[in-house]
Amino acid sequence: QLVESGGGSVRAGGSLRLSCVGSGGPFSSYAVGWFRQPPGKEREYIAALSWDGETVYYGDSVKGRFTISRDNAKSAVHLQMNSLKPEDTAVYFCVADPYISTMRDPDYWGQGTQVTVSS
């Protein structure tokens, strides 16, 4: 089970930090990541991190502004979002999968948390 927190409303240029805690499985051995779904649009794969933190992926739309990190001791993954733009408005989903190479179709999904960025 994956449970996200940290969503909310922020003005453009601001920052938010999303967190996700996993339970009920071998979190520390899984790759973790984040998707988002803007209103009326398809889900977008935006970030991922391998189980050991050695391999990282960022989508072009967030590269340089978002940072993914993990704390295996706490079964947690975070997404630090800086320089937020109105187009970052979306429901953000935490995901997990045994391999980062298959993260575009992850096995596990959180319930999502809303992020709203106003201009």
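The torsion about the S-S bond of Cys-20 and Cys-94 is about -80 degrees, so the disulfide (a pair of cysteine sulfur atoms within 2.5 Å) is left-handed. This is a predicted model, in which local features need pLDDT of at least 70 and side-chain atom pairs count only at pLDDT 80 or more, while totals for chains, interfaces and linings use all residues. Residues are numbered from 1 along each chain as its sequence is written, and side-chain values use heavy atoms, with hydrogens and water left out.

**Disulfide**

- A search of the whole structure finds one disulfide, and it joins Cys-20 to Cys-94 with an S to S distance of 2.1 Å.
- The pair links distant parts of the chain, 74 residues apart: Cys-20 lies in strand β3 (residues 16-22) and Cys-94 in strand β9 (residues 90-97).
- Strands (E, at least two residues) and helices (H or I, at least four) are DSSP runs, numbered from the N terminus.
- Cys-20 counts as buried because its relative accessibility is 0%, and Cys-94 counts as buried because its relative accessibility is 0%.
- Buried means under 20% relative accessible area, exposed over 50%, and partly exposed in between, with a 1.4 Å probe and protein chains only.

**Asp-97**

- Strand β9 also holds Asp-97.
- Asp-97 is buried yet has no salt bridge, and Arg-70, the nearest side chain of opposite charge, is 11 Å away.
- A salt bridge is a side-chain nitrogen of Lys or Arg within 4 Å of a carboxyl oxygen of Asp or Glu; for charge, Lys and Arg count as positive and Asp and Glu as negative, with His and the chain ends not counted.
- The side chains of Asp-97 and Thr-102 make a polar contact at 2.5 Å.
- A polar atom of the Asp-97 side chain also lies 3.0 Å from the backbone nitrogen of Asp-107.
- A polar contact is a pair of N or O atoms within 3.5 Å; within protein, one must be able to donate a hydrogen and the other to accept it, and residues adjacent in sequence count only if both atoms are side-chain atoms.
- Leaving aside residues up to four places away in sequence, Asp-97 touches Tyr-30, Ala-31, Thr-102, Met-103, Asp-105, Pro-106 and Asp-107, where contact means heavy atoms within 4.5 Å.

**Whole chain**

- The chain has zero helices and eleven strands.
- Of its 119 residues, 45% count as buried.
- Among contacts between residues at least 6 apart in sequence, 56% join residues at least 24 apart.
- Along the principal axes, the C-alpha atoms fill a box of roughly 40 × 25 × 25 Å.
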